[in-house]
Amino acid sequence: VFFLQGCPLRCSYCHNPDSQRTCGGTTMTPQQVVALARRYRSYHQSTGGGVTFSGGEPLMQGEFLSQCLALLKAEGFHTTIDTSGFGPEKWMNSILDNTDCVLMDVKATDPATHLQLTGKPMTGRLPFWRRLQAFQGSVWIRHVVVPGFNDTPQAMEALFNQACEIKAVEKIELLPYHKHGSEKYAQLGLADPLADTPSMDKEQTRRWENQLMQRLEASKLQQAAVAVTVPKAS
């Protein structure tokens, strides 16, 4: 996993606030990234894994990411990006052309909550979201459930409906909000935006996730049945 520095969002539940700044980290070239990936190739092949780019927000370093992915795919690596969909539109097509799996981090399902949780309008993800609707790889929807913000059946219904907009979605993963990042805020001298928010109930999160996955699988089976052409009797 390569973590790329810099993120345009300021998520209230971010557990790596030090990755939000564009400065810091280790400077590397795409060739160095590939060379490092090669060192662990025997491990990748034995586990069925590959190379993942996370952050921060990897799309913010679009040109670099695009070059890395092209080189990795040329050598047969499986590639994944973990993204919220926010970044320069210029590189999105080439990035997706060389990506096998997208971990799509849906921050919120309605504009007001998105703005409240991230500090940015939800419309910022639209250019990437539209491209995902024609994506030929696999997509996992990931969604942090935060008490008082999106921990309702209505929010889960909206998440399911949005997931159905993308045919390539294979999984919906719900992540319960936790307090593990509180110490890091204190170490960085930052105020924790969710200091008074409790951790999300893990069992309730798991139940919702199971329900969403059952509905997703049923929806795919129904789509497959409709797609079957029955030959006419002669």
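Modeller: A residue is called buried if its relative accessible area is under 20%, exposed if that area is over 50%, and partly exposed in between. Please keep in mind throughout that this is a predicted model.

Biologist: Why is I81 called buried?

Modeller: I81 has a relative accessible area of 0%, and the limit for a buried residue is under 20%, so I81 counts as buried. This residue is placed in strand β3, which covers residues 79–83.

Biologist: Which residues is I81 in contact with, leaving aside its neighbours within four places in sequence?

Modeller: The residues in contact with I81 are F53, L59, L65, L69, I95, T99, C101, V102, L103 and F128. As for F53, the C-alpha atoms of I81 and F53 are separated by 4.8 Å, although the two residues are 28 residues apart along the chain.

Biologist: What makes F53 a buried residue as well?

Modeller: The relative accessibility of F53 is 0%, which is again set against the limit of under 20%, and F53 therefore counts as buried.

Biologist: Why is the pair of F2 and F53 called stacked?

Modeller: Two rings pair if their centres lie within 6.5 Å, and planes under 30 degrees apart count as stacked. The ring centres of F2 and F53 are 5.6 Å apart and their planes stand at 20°, so this pair is stacked. The pair links distant parts of the chain, since F2 lies in strand β1 (residues 2–4) and F53 in strand β2 (residues 51–55), 51 residues apart. F2, with a relative accessible area of 13%, is buried too.

Biologist: How do you know that the charged end of R41 sits over the ring of F77?

Modeller: One part of the test is that the charged atom, CZ in the case of Arg, is within 6 Å of the ring centre, and the charged end of R41 is 4.2 Å from the centre of the F77 ring, over which it sits. In the same way of speaking, the charged end of R125 sits over the ring of W129, 4.3 Å from its centre.

Biologist: What makes one side of helix α1 a buried face?

Modeller: In α1, which runs over residues 30–39, the residues P30, V33, V34 and A37 are buried. Seen down the helix axis, the buried residues of α1 fall within an arc of 95°, so they line one face of the helix. The face turned away from that buried side carries the exposed residues Q31 and R39, while the buried residues pack against β1, α2 (41–47), β2 and α3 (62–74).

Biologist: Why can helix α7 be described in terms of one face?

Modeller: The buried residues of α7 are A155, M156, L159, F160, Q162 and A163. Down the axis of α7 these buried residues fall within an arc of 165°, so they line one face of that helix, and the face turned away from it carries the exposed residues P153 and Q154.

Biologist: Why is F149 called partly exposed, whereas Q20 is called buried?

Modeller: The relative accessible area of F149 is 22%, which falls between the limits of 20% and 50%, so F149 is partly exposed. Its place is in the loop between β5 (138–145) and α7 (153–163), and F149 touches T113, Q116, L117, L194 and T197, not counting residues up to four places away in sequence. Q20, found in the loop between β1 and α1, has a relative accessibility of 13% and therefore counts as buried.

Biologist: How do you know that the protein as a whole is as compact as a globular protein of its length?

Modeller: The protein has nine helices and six strands. Its radius of gyration is 19 Å, close to the 17 Å that the globule rule gives for 234 residues, so the protein is as compact as a globular protein of that length. Buried residues make up 42% of the 234 residues, and among contacts with a separation of 6 or more, residues 24 or more positions apart account for 71%.

Key:
Residues numbered from 1 in each chain as written. Predicted model: local features only at pLDDT ≥ 70, side-chain atom pairs only at ≥ 80, totals over all residues. Heavy atoms only, no water. Phe/Tyr/Trp six-rings, centres within 6.5 Å; stacked < 30°, edge-to-face > 60°. Helix = DSSP H or I, 4+ residues; strand = E, 2+ residues; numbered from the N terminus. Buried < 20%, exposed > 50% of the residue type's maximum accessible area, 1.4 Å probe, protein only. Lys NZ or Arg CZ within 6 Å of the ring centre and 35° of its normal. Arc of directions from axis to C-beta. Contact = heavy atoms within 4.5 Å. Rg over C-alpha atoms; globule rule 2.2 N^0.38 Å.
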